[in-house]
Each structure stands twice: as C-alpha cells, then as structure tokens.
Amino acid sequence: MAISSATTAFCSSLLCSTAISSSSSPTTSSFQFKFKFPAKSLRSPSPAVTQAYRSSIPSTNGGSAQNQFWFRRGLLFTATLPFLLSPYESFEESLSKAAELGRGEYQLMKDELKKVVSKGKAAGVLRLVFHDAGTFEMNGDSGGMNGSIIYELDRPENAGLKKSLKVLDKAKSEVDAIRAVSWADLIAVAGAEAVSLCGGPSIPISLGRLDSTEPDPEGKLPQESLDASGLKQCFQRKGLSTQDLVALSGAHTLGSKGFGDPTVFDNSYFKILLEKPWTSSAGMSSMVGLPSDRALVEDNECLRWITKYANDQNLFFEDFKKAYIKLVNSGARWRSL
Ligand code: HEM
C-alpha cells in the first residue's frame with residue numbers, strides 16, 4: 001500500500017534518532033575524551049534554538065506559558081505525525097512530508113554550526129571530514145563517514161583535530177537538545193558549511209548516517225610522503241578517482257600550507273602548484289605545500305586536472321562538490337528511510 005513504505009520509513013527514521021544517541025556512547029577503550037560524548041545538553045536548549053524550532057509551529061501572541069504550550073504541542077505533533085498520515089496519501093506525498101521534516105533538522109544543524117564555525121576554524125573542521133571518512137576502503141567492512149573520529153583523536157595523524165571537534169561539540173549539544181544527530185552527519189554538514197563560509201561552493205548533504213561505536217582500523221589515511229601513484233592507489237581503494245583526488249586535495253587551499261589566503265576557499269591551490277614555488281630558494285617559498293601536494297604536479301594525469309582547475313574556478317567548485325559528496329557518503333551506514 002502507498003502509505004506503508006513511506007510511513008514505516010519515517011517511523012524508523014524517528015526510532016533511529018534514539019538509536020543514534022545510544023550508539024554514539026563512548027566505549028571504554030584507551031581513547032578517552034576530555035569532553036563528553038555523545039554531546040547532550042542537560043539544560044534546556046538555548047532560546048535561539050527553541051525559537052528556530054518554534055517557527056515551524058503556529059505562532060502565538062507571546063507569553064511564556066503559551067509559548068511552552070505550542071512548543072510542546074509541536075513536539076507532540078512531530079512525534080505522532082507518522083501515525084496520523086492518511087492511508088490514502090500517496091507515496092510521494094508521504095515522502096515529501098518526511099523530506100520537509102528532514103529539512104528542518106538540516107536547517108537546525110546549519111544554524112547551530114554557523115554560530116561556532118568561524119573562518120579561522122574552517123580549515124580544521126574541513127580536515128576533520130577527511131580524517132573521519134578517509135578510513136574507508138571498498139574491500140573492507142569498516143571505516144568511512146561514521147563519526148569514529150571521536151575515538152581516534154590520539155592517533156598521530158589526527159594531531160590538532162581535538163580542538164576542531166570541540167568546536168563542533170557545542171553545536172552538537174544544541175542540536176541534540178532538540179533532536180539527536182549523529183557525529184557523522186554533523187561533521188559532514190560542518191565541512192560543507194566551512195567550505196561555503198570561506199567562499200567555496202554550497203554543498204547539499206544528505207542526512208541519516210549512523211555513528212560507529214568503535215574506532216576504525218588504523219593506517220587507512222594516506223601518508224603525506226606518498227608519491228602520486230601511491231596517492232592514486234590509496235584513493236582508488238576508497239572508491240575515489242584521480243580526478244576526485246586532485247579536486248579534494250584542493251581543500252589545502254585552506255590552512256597554512258602557503259596556498260593563498262588561509263581562510264579563502266578558491267582555486268589558488270592549483271595556480272600555486274603550477275608555479276612550483278618550493279623549487280625556489282627565495283623567502284618562505286620552499287615551505288609551500290606538503291610532499292603529497294608537490295607530488296601531484298609530477299604526475300601527468302593529475303597535472304591535467306590541476307591545469308583545468310587553475311584555469312577554471314567554477315569547474316573546480318563543481319568537481320569539489322561532487323567529490324566531497326562521494327567522500328562524506330563513503331562507507332556510511334544509513335538509518336532506514
Ligand atoms: C591527498 C592526501 C592528503 C594528505 C596526505 C593530507 C595531509 C595533510 C597534512 C599532513 C596536513 C597538515 C596538518 C598540519 O598542519 O599539521 C593537512 C592539512 C589539511 N588537510 Fe589534508 N591531506 C590530504 C587530503 C585532504 C583532503 C581530501 C582534505 C579535505 C577534503 C584535506 C583537508 C585538509 C585541510 C583543510 C588542512 C588544513 C588544516 C589546518 O590548517 O588546520 N586534506 N593535510
């Protein structure tokens with residue numbers, strides 16, 4: 001029947017909200033955190049958050065008791081909607097209602113992230129995405145965009161990411177106070193917000209990733225000492241093409257590796273790669289880029305993409321967007337919808 005799949009799907013999506021919060025509890029492994037996981041606020045959500053949520057339910061003439069009434073009523077409505085859907089409603093109508101509610105969750109996350117992710121913090125937040133998702137390999141059954149980074153912060157390759165996660169923890173507490181969200185979803189959306197905040201493309205992110213309850217296997221992220229062929233193979237094992245490798249490496253336009261303004265997301269990474277400043281002994285030029293960045297220009301296939309992106313920022317933005325979506329979906333397990 002038309003109703004059943006969409007309604008069942010939506011019900012399970014609500015049920016999964018609970019599953020997310022329980023599945024993201026910390027394990028008693030050696031990976032201990034200084035801040036609590038899952039991020040849960042014991043206090044009431046901030047007025048700004050509740051206000052944003054209230055705007056989706058009927059407005060009142062003011063008065064806190066009345067506001068409380070409508071707020072509770074809104075929550076009740078949201079929780080019971082799946083059971084109220086008409087058996088005669090079409091599958092598309094049910095789906096669009098579910099999508100509408102999903103959009104509310106997305107907006108809520110974006111609103112809270114905007115409050116904590118500044119341009120100065122954008123690079124670290126974007127790097128967090130790669131370090132969570134980049135553990136995926138197609139021939140394994142672990143790794144990927146699953147929030148496991150929260151258990152992996154003490155690994156040497158993740159040095160410096162604790163503070164980026166802490167930035168996001170504030171946003172997660174606010175969102176969780178209204179509706180539980182997975183770390184995997186929050187990090188994926190945060191990276192996209194960081195990119196657009198710094199002038200990059202706007203990237204739509206699907207929601208519904210489930211969090212892992214344990215760390216991913218070690219040694220899956222590419223080492224900065226790899227040559228182009230090693231980088232290409234590493235990305236291929238993750239289901240990412242050479243084009244994806246080059247486009248995603250363009251993320252290094254953010255941060256302090258010498259590719260233009262550290263807080264501006266543009267195609268200066270590719271323009272500067274073509275100049276090979278590290279071959280000059282002048283000033284700080286020899287410090288520009290990581291060995292892995294420099295290796296890309298030495299490979300003909302990579303060089304073709306680097307040249308295209310250096311000449312056409314729109315093409316870079318378009319390809320970065322596609323590759324980013326692949327990255328944040330890789331290895332993800334989804335709540336059913
Ligand atoms: C191609 C393989 C890659 C390697 C070997 C690599 C390695 C590194 C290393 C060693 C750093 C410097 C960390 C530090 O300053 O201590 C770095 C920074 C960074 N990486 Fe990558 N990375 C790679 C790909 C990516 C991808 C795919 C993304 C995101 C889509 C990314 C995002 C970033 C960002 C934004 C920074 C700057 C962080 C900051 O300044 O706080 N990286 N990367």
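**Close-ups of an all-helix chain**

V189 has its place in helix α7; helices here are DSSP runs of H or I with at least four residues, strands are E runs of at least two, and both are numbered from the N terminus. This is a predicted model, where local features need pLDDT of at least 70, side-chain atom pairs count only at pLDDT 80 or more, and totals for chains, interfaces and linings use all residues. Residue numbers start from 1 along each chain as its sequence is written.

View 1. V189 counts as buried because it has 27 C-beta neighbours inside 10 Å. The cut-offs: buried means 20 or more other C-beta atoms within 10 Å of a residue's own, exposed means 12 or fewer, and partly exposed is in between, with C-beta atoms placed from the backbone. Skip the neighbours within four places in sequence, and V189 is in contact with M109, K110, L113 and I205. Contact means that the two C-beta atoms, placed from the backbone, lie within 7 Å. I203 is 14 residues away from V189 in sequence, with a C-alpha to C-alpha distance of 8.6 Å.

**View 2. The largest nonpolar core.** This core has 65 residues, and L126, L186, I187 and A190 have the most contacts inside it. A nonpolar core is a set of buried Ala, Val, Leu, Ile, Met, Phe, Trp, Tyr and Cys residues joined through C-beta atoms within 7 Å. Helix α7 (residues 183–197) gives the largest share of the core, 10 residues. Leaving out neighbours within four places in sequence, L186 touches M109, L168, A171, K172 and V181.

**View 3. Where α8 meets α9.** The axes of α8 (residues 228–237) and α9 (residues 242–249) come within 9 Å and cross at roughly 105 degrees. Those axes are lines fitted to C-alpha atoms, for helices over the stretch in contact, and angles run from 0 to 180 degrees between N-to-C directions. The two helices, α8 and α9, are therefore roughly perpendicular to each other; angles under 35 degrees count as roughly parallel, over 145 as roughly antiparallel, 65 to 115 as roughly perpendicular, and the rest as oblique. On the α8 side are L231, K232 and F235, meeting T242, D244 and L245 of α9. The residues of this contact split into 3 nonpolar, 1 polar and 2 charged. In that scheme Ala, Val, Leu, Ile, Met, Phe, Trp, Tyr, Cys and Pro are nonpolar, Asp, Glu, Lys and Arg are charged, and the others, Gly among them, are polar.

**View 4. Helix α9 among its partners.** With 6 of its 8 residues buried, α9 is largely enclosed by the rest of the structure. The buried ones are D244, L245, V246, A247, L248 and S249. They pack against α8, α11 (291–297), α12 (300–311) and α13 (313–329).

**View 5. The shell around the ligand.** The ligand is surrounded by 19 residues, and A123, F130, L248, A251 and G255 are the closest. To be near a molecule or strand, a residue needs its C-beta atom, placed from the backbone, within 6 Å of it. The largest share of the shell, 6 residues, comes from α5, while α5 (119–133) and α9 each supply at least two. By type, the shell divides into 10 nonpolar, 7 polar and 2 charged residues.

**View 6. K276 in its loop.** K276 is in the loop between α10 (268–275) and α11. Phi of K276 is near 45 degrees, a positive value in a residue other than glycine. Most residues other than glycine have a negative phi. K276 counts as partly exposed, with 14 C-beta neighbours inside 10 Å.
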